[in-house]
Amino acid sequence: MALPFPYTYYSCDCFDSAAAVPTAKRASHPPPADDEDERTFDPRNPRSNYALYPLEHLLYCEDCRQIRCPRCVLEETLNWFCPSCLFEVPSSMIKSEGNRCTRNCYNCPVCTSSMTVSSLEPPKHPSNDDTGGLAGPFFLCCPYCHWSTLDIGIEFEKHTGITQQLARIKNGGQVVPSLKEREKAREKRHEARDGLAAAREDISVELSDAADPPAQEDVFSNLSSFYKSQLSLGASSHPFSPHHDINFSSPSSFSRIMNLYSSASSKKQKRDKPPPMREASSVAEGLAIHTSSSDHAAIQDLKLRGWDHTLTYSQKNNQLDQSVRFASELRPSPTLLCTKRGKRCRACRHILSKPEPKITSTRYKIKLLASNHIPRLSIRALSASLPLPTVPSSAAQGFDYSHLQPSATIHFLLTVSNPLFEPVRITLATPSTTMGKVKSKVTILCPQFDVGANTDVWDEALSSTPARRGGPSDSSSANSTQVEAGKIWERGRNWTSIILEVVPGIIEQHRGLTFGGDQKYRDDDGLVEDEDVLEIPIFVRIEYESDVAVEDRAPGTESTRPGGKEKREEAFWSVLGVGKIKPLQ
């Protein structure tokens, strides 16, 4: 396992039960035939890898009264913001401008650091304008690797509106005409000359554009306008479009129109297939023409500057245009936007976590953590926590969890902490022998006990009854260090410790052998992977009484206790990673 020994994992049965399935879908996903409470959780099952989580990674649904893992929650985006300038971006701009910051926030294409706007001229005397005494031209510079837009021949006239200026400049400083300017130039050519001469001039312009391929933004805008024109032509050919000549006074047309708005017929009307669109046939419509001259130029550039001039895999992926190949074609990348997300329960849509909408705030308005509703289990070796007279002094100084002695009785101290403000009744259960090929014996000496409420820490300091050991009702054995069955070991304000007796199984070395013909990974000692790891499944059942209002009471239940209290029960599986068993030599 990833965590050091000992560790504790909690199980979420969202994929094995219908607890996390919405009510409308439970009919198509029936629960399993056998009762889940009667099934023993197998930590060695491959599916268990997707069900075990640390307690810090889990949420809790108060309506379902169930643990919620990252697999059984729904995420919803609350807002978008730029992590560099902390400017909130509305959702309408996300759809139109994309998931990029449209201000002056850019990342270095070489090292992905945030770039700053600098000036080529030294600062003059301070002025009242926004430039702060800086005079142009301006450029973007990386403070980490010192890459700047001057390396690709791009300078800016103003220190604001970098996105609009960068879209009008190619690498080398060449100005790119906008789409509106291209359309106006084309209309002027058609108005000044006849159609044939204008078409010939358009072809010559397109051939010159093919020699110098347009930017990716221009190709996208050309394709977008081309598809819109094709959709408008398809809509005009529809029989009920305003451009179609139809006789609305005829009875057949009138009845057809009324059938469109009538809901009496149960049969669904078949939708007409959209007319087929033709493909783009020119550069102005978004057609990308491949020329061999570009390949020859790339080969010559590679021969002249070498392999170091090419881009790495990460640098190419960070570029908006995936066709770039050389360092001279790099451009600053706009900063990706981040989101603040809330989480809901997949079954009842109850809000589990919701951060504050303010961008600079890291607080949460709602955050239902499982650590505030579920008891925490922690285990450690008894010899490492308290030396016993029967334990040698060398073993009492430190316990080696990575080398558990097989067939030797080892006592572990299991501590259960209660985060609730009501006292709880804990019932623990575990199989007598662990699952897997190595059978280890496990015995819980006190399977049922009480844990106090999570009250103020000063209550324990002012209390006249300190933490007791040897059992809550046995005053004569308060200072006893003997392990006894049916009694707790130690208890405090909101925690209780019991003894877990473990006898590790015997592992024999198998070099070059397999179990049942299954080929598995083996280490240097000839052991199958994680075969020597001792994991103990523990079934935890909680019973307590909670103060609830009448409107919050579960349907069909009536409170018979004074003060409006309701009895609640919860249960879950947990896995205790004790250590590794030492193989027999």
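How many salt bridges does a search of the whole structure find? The search finds 9; a salt bridge is a side-chain nitrogen of Lys or Arg within 4 Å of a carboxyl oxygen of Asp or Glu. The model is predicted, so local features need pLDDT of at least 70 and side-chain atom pairs count only at pLDDT 80 or more, while totals for chains, interfaces and linings use all residues. Residues are numbered from 1 along each chain as its sequence is written, and side-chain values use heavy atoms, with hydrogens and water left out.

**View 1. The protein chain as a whole.** The secondary structure comes to 11 helices and 23 strands. Helices (H or I, at least four residues) and strands (E, at least two) are DSSP runs, numbered from the N terminus. Of the 585 residues, 33% count as buried; buried means under 20% relative accessible area, exposed over 50%, and partly exposed in between (1.4 Å probe, protein chains only). The chain exposes about 35900 Å², of which carbon and sulfur atoms supply 52%. These accessible areas come from the Shrake-Rupley method with a 1.4 Å probe, and for residues only the protein chains shown count as cover. Among contacts with a separation of 6 or more, 65% are between residues 24 or more positions apart; contact means heavy atoms within 4.5 Å.

**View 2. Confidence along the chain.** The predictor's confidence in each residue is given as pLDDT, from 0 to 100. The protein chain averages 77, and 67% of the residues score at least 70. Over residues 239-246 the pLDDT stays under 50, and the model has 12 contacts beyond four places in sequence for them. Residues 511-519 also have a pLDDT below 50, with 11 contacts in the model beyond near neighbours in sequence. Where pLDDT is low, the predicted coordinates should not be read in detail.

**View 3. The largest nonpolar core.** A nonpolar core is a set of buried Ala, Val, Leu, Ile, Met, Phe, Trp, Tyr and Cys residues joined through side-chain atoms within 4.5 Å. The largest one has 46 residues, and F412, I426, L428, F449 and L500 have the most contacts inside it. Several strands each supply at least two residues of this core, among them strand 17 (441-444), strand 18 (448-451) and strand 21 (495-503). Strand 22 gives the largest share of the core, 6 residues. Leaving out residues up to four places away in sequence, L500 touches I379, I410, H411, F412, V442, T443, I444, I536 and L576. Apart from this core lies another, of 16 residues, including F138, L311, V324 and L330. In soluble globular proteins, nonpolar side chains tend to be buried together.

**View 4. The two faces of strand 14.** Strand 14 (residues 376-381) has L377, I379 and A381 on a covered face, and R376, S378 and R380 on an uncovered one. Strand 14 pairs with strand 15 (residues 410-417) in the antiparallel sense over 6 bridges. Two strands pair if DSSP finds at least two bridges between them.

View 5. The strands stand in the order 6-5-11-12-13, and the pairing is antiparallel. Strand 6 (88-89) and strand 13 (364-367) are the edge strands, each pairing on one side only. Strand 11 and strand 12 (residues 351-355) are joined by 2 bridges. R344 stands opposite I351 in strand 12.

**View 6. A salt bridge between E76 and R344.** The two side chains meet at 3.0 Å, N to O. The pair links distant parts of the chain, since E76 is in strand 5 (residues 73-81) and R344 in strand 11 (residues 338-345), 268 residues apart. E76 is partly exposed, with a relative accessible area of 30%. R344 is likewise partly exposed, at 25%.

View 7. The side chains of E484 and K487 meet at 3.4 Å, N to O. E484 counts as partly exposed because its relative accessible area is 33%. R541 forms a salt bridge with E543, where the closest N and O atoms are 3.9 Å apart. Salt bridges that share partners join R541, E543 and E569 into one network.
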